[in-house]
Amino acid sequence: MGHAGYDTERETEWKYEAPSGAHVPDLSGLPRVAVQSDGGRQTLSAIYYDTADLLLARHGITLRRRTGGHDSGWHLKLPDRPGTRTEIRMPLGDETPAELTAVVTARLRGRPVEPVARITTRRRRHILLDAAGASLAEVAADDVTAEAFGEPPSTDRWAEVEVELTGGDIELLQAADTRLREHGLTLSARASKLERALGARLGRAPDGPEAAGGRSEATAGEAVLAWLRIQRDELVGQDARLRMGEPEAVHDMRVAARRARSALQAYRRVLRPERTGGIVEDLRWLGRELGQARDTEVVADRLETQLAGLPPELVIGPVARRLAAYRTPRRAAVRTSSHRTLDSGRYLGLLDALDELVDAPPFGPGAGRPAARALPEFAARALRRVAKRAADAFIAEPGEQQDLALHATRKAAKRARYAVEAALLATDERALRRTARSLKELQTALGDHQDTVVARSVLVRMAADAQAEGENGFTYGVLYAREAESAAESLDRARKVWHAANRAKRMSRMR
């Protein structure tokens, strides 16, 4: 996949520790593997770049300039799910490509990169082919020489084996894993050669935030900070994916911002609000700025799906063309706006403020209390706010005022759900899990209703534009009627969820 002058692909590979000169066993006969061919030998030389304090490596990111082999050039690798990374490639050149450092702006924030290591790999390749001759995986036996720069400099040598999928699937990786283990190889604990090369300079990775928050003796302060670290890291991780144009990154980034904001609002006795108010406002601003992109796509997808479901005789006029005209310019404008937001001083200052918050938290009077008891109590206030807004919204007169009240209820349910999810990091109570599920169901139903509100307003504008240009507005009316039906169904579903939760008293108390 190409984007902004570079190529991207996902690589899935498992890495093994091996004795020097390790022999790769015959892997033919594994699922779909007909032949293990000799891919020849090659020598690869790479200079790795990072900040002076190895900021990229500490987050599993590698930036290198490699020569030799079929993929000489600049490579930026970003962590994905375990065993998988996203690799961005650019042609070989002397200068570090600005396009690559731009992808990790949220990590670098203006810090320069410099050479931190040189790694030379003498590789023997084996290609696993299926019966048709298509490549399923590449197996590389590597003898590695690494030189880490800095103070003090160090050198290391080791051997390893990598199995990288090229057309196969996880079943092939698992079968290869069994065969390699039978021949004495062990799965490496390191995700990259650079991680081993830097060794002690990287230090020991701290315990994950989930572990800190989930200890039974954790304080409320520890649990809330653990939750905020998760959201901060998710925000920064999705930043890179949004810059690469991945469509779901906007949604995931907004969710992380909302979760962090909800925690700061719900746990005001844990972290002092007078010190976190600016962060709350900046998180709200970020969600609002990114929301333009998401809302346009949701409405366009919804209306295009509705249109596709209509019988042909009900589609009169260039309706599909008008829908495309609604989506396309907004998509381009919103993409530009999103990138402008991510490059803004306000956004980068927000990331700095989040770092400072979790590193030097302004603890309040409730921070020292046991998390398992305190967080559910603090979250109960958010639940009571949902109950009050829902009670008012469901008895309101149908129309604009009820739509606004339902939308406010949805936002309150979302905030309460995220507060409850943070509490679940400290205590996995069954009642809390049920409450979180009820809130998610209510939020989903009310979200569907709000989508119909927006979609109907868009249809009214489209119909007016169509009629002004002499087109038939019939189909827009049909779509409007269907959206109105969807609104009634989603409202009925939301009302049932709320009544069930209310009977169980999930919206007014936690225990």
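1. A word to start with: a residue counts as buried when its relative accessible area is under 20%. Keep that cut-off in mind as you read, and remember that this is a predicted model. Tyr 49 has a relative accessibility of 14%, so this residue counts as buried. Trp 74 is buried too, with a relative accessible area of 0%.

2. Now look at how those two rings sit together. Tyr 49 and Trp 74 form a tilted aromatic pair, with 5.2 Å from centre to centre and 45 degrees between the planes. The pair joins distant parts of the chain: Tyr 49 belongs to strand 3 (residues 35-50) and Trp 74 to strand 5 (residues 73-79), 25 residues apart.

3. The model has 3 aromatic pairs in its count.

4. Follow Phe 394 back into its helix. Helix 12 covers residues 371-394, which makes 24 residues. From first C-alpha to last, helix 12 reaches 34 Å, close to the 34 Å expected at 1.5 Å a residue. Where does helix 12 bend? Look at Ala 380, where the bend is about 25 degrees.

5. Helix 7 (residues 220-243) also has 24 residues, which should span 34 Å at 1.5 Å a residue; the end C-alpha atoms are 35 Å apart, so the two values agree. How many residues of helix 7 are buried? The count is 18 of its 24, so this helix is mostly covered. Just after helix 7 comes Gly 245, with a positive phi of about 90 degrees.

6. The structure holds 1 cavity of 30 Å³ or more, and the largest cavity has a volume of about 50 Å³. Its lining includes Lys 15, Tyr 16 and Glu 17, as well as Trp 158, Glu 160 and Arg 196. Strand 2 (6-18), strand 9 (154-165) and helix 5 (193-198) each give at least two residues to this lining, and strand 2 supplies the largest share, 3 residues. What classes of residue line the largest cavity? There are 6 charged, 2 polar and 2 nonpolar residues.

Notes
Residues numbered from 1 in each chain as written. Predicted model: local features only at pLDDT ≥ 70, side-chain atom pairs only at ≥ 80, totals over all residues. Heavy atoms only, no water. Helix = DSSP H or I, 4+ residues; strand = E, 2+ residues; numbered from the N terminus. Expected span 1.5 Å × (residues − 1). Bend = angle between axes of the 7 residues up to and from the residue. Phe/Tyr/Trp six-rings, centres within 6.5 Å; stacked < 30°, edge-to-face > 60°. Buried < 20%, exposed > 50% of the residue type's maximum accessible area, 1.4 Å probe, protein only. 1 Å grid on protein atoms, 1.4 Å probe; cavity = no way out; pocket = protein on both sides within 12 Å on 5 of 7 lines; lining within 4 Å. Points joined across faces, edges and corners; volume = space filled by probe spheres on them. Nonpolar A, V, L, I, M, F, W, Y, C, P; charged D, E, K, R; others polar.
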